[in-house]
Amino acid sequence: MVGADSVRYLPHCYSLWRRRGYRMNPLDNCMHCGLCLEECPTYLVSGDETNSPRGRLFLMRAVENNELEFSDIAESLDKCLACGACETACPSGVPYTHILEQQREGRQSAMARLLQRRLLSSHLGVRAVGILSRLGRRLGILNLIGKLGIQRLKAMSTAVPMHPQRFRSQPNQTWRADGELRGRVGLHVGCANGELFGDVLNDTIRLFNQQGFEVVRPPQPPCCGALHSHSGDSEFGRELAQTTMQAFDGELDAVIVAAAGCAAHLRASGDSNKPASKAQDPVVFLHQRGWRGNPQRVAMRATHSPPCHLRNLLGEDQIVTQALAQLPGLELLTLNEAEMCCGAGGVSFIRQPQVAAQVGDRKLDNIVASGTECVISGNPGCLMKLSADLRQRGLLVKALHPVTVLANAFSD
Ligand code: SF4
Ligand code: SF4
C-alpha cells in the first residue's frame with residue numbers, strides 16, 4: 001500500500017531517475033548543445049534556427065508549456081524531412097524522429113486522413129493511383145500539370161518516373177533459385193515499387209535467384225503504412241506494417257524490402273510473433289550472406305547516395321557501399337555530403353516543395369561535382385526525386401537502385 005512514507009521518497013526517486021538519464025519527457029533530453037545543427041539539411045539550406053532540430057524541439061516544448069499554439073509551429077515541423085540525421089549526431093540520445101511522429105499524430109485533416117487510408121490500404125486504390133500515374137506520364141498529361149505553376153502539383157507530377165513499370169506477378173508466385181539452393185526469402189512488393197518500379201522488383205528477384213535463393217510473394221497489403229506514419233497516422237501505419245509482416249511465413253530467411261523507408265518502418269513496427277528484424281534490405285542481406293560467383297566487369301563511374309532511412313535509422317549504408325565497391329571496373333566516386341537527404345523525405349517533397357527543392361539543389365551540386373555518370377540509391381522515393389531533379393537540370397546522370405547494378409554484374 002502506498003502511504004505517506006512512500007510519497008516522501010518520490011522526489012528522490014525522480015531525481016535519481018533523471019540523474020541516470022531516464023527523463024520523464026523525451027523533450028527534456030535535449031541539452032541545447034547544437035551539435036545536430038550541422039547535420040540538418042533544412043537548417044543548412046535556410047540558416048534558420050526554427051528549421052533546425054534544436055529549434056523545433058524548443059518550439060515543441062513551448063507548445064507543451066502553453067506558450068505557443070500548435071498552429072504557430074506547424075510550418076516548422078512540416079518542413080522537417082524526418083531524415084533522422086540529427087539523431088546520429090546527438091550526444092544525448094534525443095529520439096527526434098519518434099518525438100516528431102508523436103507531434104504530427106492526429107494533425108492531418110480528417111479528409112486527408114480518410115483519403116490516404118482509403119487509397120493506400122486497398123489494392124484497388126493503389127492500382128488506380130498507379131494507372132493514373134502511368135497513363136499521365138505516357139500521354140504527356142503530367143508534363144502539362146507540371147506547367148500549371150502550382151508547386152505541389154509540379155513536385156508530384158515531375159516525380160513520376162519517365163518509364164514507370166507495374167510489377168506483374170501472381171499471389172503466392174515462386175521464383176526458383178539457380179543452381180544449389182541457399183535459402184528462401186519473401187518479397188515485399190509495396191505501393192511505389194509495385195506500381196512504378198516493377199523493374200527494380202524484377203531485378204531483385206533475378207539477383208536472389210542468381211545467388212541461390214528461392215523467392216516467394218505471398219498475398220500482402222498494398223502498402224506497409226510508412227507513408228501513413230510519416231503523415232501523422234502512425235497507429236494505422238503500425239497496423240498495416242504488422243499485417244504486412246504477418247503475411248510472410250515465419251520459416252523464411254528474410255522478408256526482402258527494396259525500399260529503405262519501408263524496411264525501416266516494418267522493423268520499427270514489428271510485433272512479437274513476427275520478428276521485425278526479418279525485414280531486410282536486399283543488398284544488405286546478400287552481402288552479409290556472402291556473394292556466390294564472380295561479378296562481371298562494370299565499366300561505369302558511380303557514386304552511392306544512401307537513403308536516409310538506410311543510413312540514419314538502420315545504420316546499414318556502409319554495407320551497401322562495400323557491396324558496390326567489390327564490383328570490378330566500377331569506379332565508386334566519393335560524394336561530398338553523401339549523408340545529406342536528397343530532399344524527398346517520404347512525401348515531404350510534395351508537402352513542402354520549396355524546402356525540398358533547396359535541399360535537392362545542394363545534393364545535385366554535389367553529384368555534379370563528383371563527376372559521376374550514375375547515382376545509386378536504394379529507395380523508390382529517392383530515385384524519383386533524384387531522377388526528377390537530374391532531368392530538370394538537363395543532366396545525363398542516371399539514378400539506379402543498387403539491386404539493378406548488382407543483378408547486371410552477377411548475370412551470366
Ligand atoms: S529529421 Fe532531418 S530535417 Fe528533421 S530536424 Fe532532424 S536532421 Fe533536420
Ligand atoms: S544534438 Fe541533441 S541535445 Fe544537442 S541540441 Fe541537438 S537534439 Fe538537443
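Glutamine 103 is found in helix α6, which spans residues 96-104; helices here are DSSP runs of H or I with at least four residues, strands are runs of E with at least two, and both are numbered from the N terminus. The model is predicted, so local features need pLDDT of at least 70 and side-chain atom pairs count only at pLDDT 80 or more, while totals for chains, interfaces and linings use all residues. Residues are numbered from 1 along each chain as its sequence is written, chains are lettered from A and ligands numbered from 1 in the order in which they are written, and side-chain values use heavy atoms, with hydrogens and water left out.

Is glutamine 103 buried or exposed? Glutamine 103 has a relative accessible area of 11% and is therefore buried (buried is under 20%, exposed over 50%, partly exposed in between, with a 1.4 Å probe and protein chains only). Leaving aside residues up to four places away in sequence, glutamine 103 touches Met60, Glu64, Phe70 and Leu77, where contact means heavy atoms within 4.5 Å.

Arginine 54 lies in helix α3. Its relative accessible area is 21%, so arginine 54 is partly exposed. Not counting residues up to four places away in sequence, arginine 54 touches His32, Cys33, Gly34, Cys36, Leu37 and Glu49. Cysteine 40 is 14 residues from arginine 54 along the chain, and their C-alpha atoms are separated by 9.9 Å.

Rolling a probe the size of a water molecule over the atoms shows where empty space is left. On a 1 Å grid over the protein atoms alone, a cavity is a set of points where a 1.4 Å probe fits but cannot get out, a pocket is an open set with protein on both sides within 12 Å along at least five of seven lines, and lining residues have an atom within 4 Å of a point. Points are joined across faces, edges and corners, and a volume is the space filled by probe spheres set on them. The structure holds four cavities of 30 Å³ or more.

The largest cavity has a volume of about 130 Å³. Its lining has 19 residues, and Cys30, Cys36, Leu57, Cys90 and Val94 lie nearest its centre. Helices α3 and α5 are the elements that give two or more residues to this lining. Ligand 2 sits in the largest cavity, meaning that more than half of its atoms lie within 2 Å of the grid points. Around ligand 2 there are 13 residues, of which Cys30, Cys33, Gly34, Cys36 and Cys90 come nearest; a residue counts as near if one of its heavy atoms lies within 4 Å.

The second largest cavity holds about 80 Å³ of space. Of its 13 lining residues, Cys40, Arg56, Cys80, Cys83 and Cys86 are closest to the centre. Ligand 1 sits in this second largest cavity. The shell around ligand 1 draws at least two residues from each of α2 (41-46), α3 (53-64) and α5 (85-89).

Two or more residues come from each of α12 (198-210), α21 (380-392) and β9 (398-400), and α21 gives the most, with five.
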